[in-house]
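Please open the structure in your viewer and keep the selection panel at hand. The stops below say what to select and what is to be found there.

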Amino acid sequence: MGLQMLVLGLESSCDETAVALVRHDRQVLAQRIASQDEQHKPFGGVVPELAARAHAERLSPMVETVLAEAGVTLADVDAIAATAGPGLIGGVMVGLVTGKALAMAAAKPLIAVNHLEGHALSPRLADAALDFPYLLLLVSGGHCQLLAVEGVGAYRRLATTIDDAVGEAFDKSAKLIGLGFPGGPAVERAARQGDARRFRLPRPLLGADEPHFSFAGLKSAVLRSWAALDTQDAQAQADMAAAFQAAATDCLVDRTARAMALAEGPLVVAGGVASNAHIRSALAALAEAHGRRFVAPPPWLCTDNAAMIGWAGIERLQLGLVDTLDAPARARWPLDPGAEPVRGAGAKA
Ligand code: KG4
Ligand code: ZN
């Protein structure tokens with residue numbers, strides 16, 4: 001393997017189509033992210049069939065664009081890294097099949113990347129000084145977990161949500177109060193104009209021994225408080241957004257504090273919800289109070305992107321961890337397959 005290691009990353013597991021060229025020295029040579037917000041907005045959420053079709057239409061032209069922009073060809077690439085799950089299966093299949101075709105055509109290795117590993121390792125793309133082990137809070141639309149990250153492929157799950165993921169709670173609450181889709185950024189924006197003290201919302205599992213999460217009760221409380229309002233105006237939206245964000249943040253901080261004793265190293269946050277400035281600063285304060293370093297990737301690297309998939313590819317390629325062309329697309333693919341199911345947890349463990 002040459003000194004230069006260059007990986008083409010493909011991401012299509014949810015509603016972002018993304019392609020990136022990432023080098024071992026942490027340079028992202030070129031990248032594109034195409035959001036499908038406009039396609040899904042009329043439906044108030046991601047429609048799997050529409051997502052798969054949009055990925056299929058966009059992915060190959062985006063590969064061309066990214067290669068051209070970096071001034072390289074497939075022959076210059078050392079491997080193709082494609083998300084192979086977990087996620088919406090149609091989209092995952094489109095990305096993985098595209099990756100396999102490119103790998104076969106160019107006679108390059110394929111790396112079938114776990115999307116969650118992409119998130120988990122993304123802080124190391126942003127911060128060259130971040131070594132293993134670290135305590136990771138992984139917060140996205142489908143997952144809410146605390147993990148001890150002990151190395152590439154070595155994840156020990158310390159806690160998970162027993163119902164909704166925190167990003168899902170942001171999205172559902174946004175929808176309930178008319179902030180639309182996608183909900184997370186809308187809640188954060190509205191909350192800046194709001195007064196969190198106007199509504200009293202619960203903090204599920206606060207103080208519980210085990211560091212698990214729960215957000216379903218918080219979402220229901222938003223629904224009840226909202227329905228009880230006489231005037232559902234922009235100020236009420238802002239106040240509710242602020243109250244929800246404050247409650248969700250308290251839960252994340254309390255549960256993460258509980259996990260501090262269970263894993264060594266810096267406190268690291270990743271995943272779409274980690275782009276939230278309010279949550280980032282609360283976690284930074286928690287880390288400081290415990291004398292631990294805090295690492296959060298820049299917001300663009302928290303939400304879905306292909307640079308993190310390319311980087312996971314680099315990390316795996318450096319260890320010789322490549323896959324064969326029959327690697328399966330997986331709707332479900334836990335980072336820690338040995339983790340015990342949690343009482344009360346639904347299908348999202
Ligand atoms: O990691 P991600 O882009 O996709 C998944 O793998 O799920 O995470 C998407 C989630 C969505 O639920 C979205 O509402 C949430 O991250 N999100 C945010 C913010 N930006 C995205 N939540 C709170 N504040 C934000 N600024
Ligand atoms: Zn994601």
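This is a predicted model: local features need pLDDT of at least 70, side-chain atom pairs count only at pLDDT 80 or more; totals for chains, interfaces and linings use all residues.

Residues are numbered from 1 along each chain as its sequence is written, chains are lettered from A and ligands numbered from 1 in the order in which they are written, and side-chain values use heavy atoms, with hydrogens and water left out.

**Stop 1: the domains**

Select residues 6-121 together with 301-318 for domain 1, and residues 132-296 for domain 2. These bounds come from an automatic or database domain assignment. Taken over C-alpha atoms, the centres of domain 1 and domain 2 are 27 Å apart.

**Stop 2: the interface**

Which parts of domain 1 touch domain 2? In total, 18 residues of domain 1 are in contact with 17 residues of domain 2; contact means heavy atoms within 4.5 Å. The two domains bury about 1400 Å² between them, 69% of it on carbon and sulfur atoms. Buried area is the accessible area (1.4 Å probe) that two parts lose on being put together, summed over both.

Now select helix H1 (37-40), helix H4 (115-126) and helix H11 (307-318), the elements that give two or more residues to the side of domain 1 that touches domain 2. Helices here are DSSP runs (H or I, at least four residues), numbered from the N terminus. H4 gives the most to this side, with five residues.

**Stop 3: helix H6**

Select residues 183-191, which form helix H6; seven of its nine residues are buried, that is, under 20% relative accessible area (1.4 Å probe, protein chains only). The buried residues are Gly-183, Gly-184, Ala-186, Val-187, Glu-188, Ala-190 and Ala-191. They pack against helix H5 (166-176), helix H8 (234-259) and helix H9 (277-289).

**Stop 4: Thr-256**

Finally, select Thr-256, which is placed in helix H8. Is Thr-256 buried or exposed? Thr-256 is buried, because its relative accessible area is 0%. A polar atom of the Thr-256 side chain lies 2.6 Å from the backbone oxygen of Leu-252. To see what surrounds Thr-256, leave aside its neighbours within four places in sequence and show its contacts: Leu-135, Leu-137, Leu-146, Leu-267, Leu-283 and Leu-286.

Methods:
Buried means under 20% relative accessible area, exposed over 50%, partly exposed in between (1.4 Å probe, protein chains only). A polar contact is a pair of N or O atoms within 3.5 Å; within protein, one must be able to donate a hydrogen and the other to accept it, and residues adjacent in sequence count only if both atoms are side-chain atoms.
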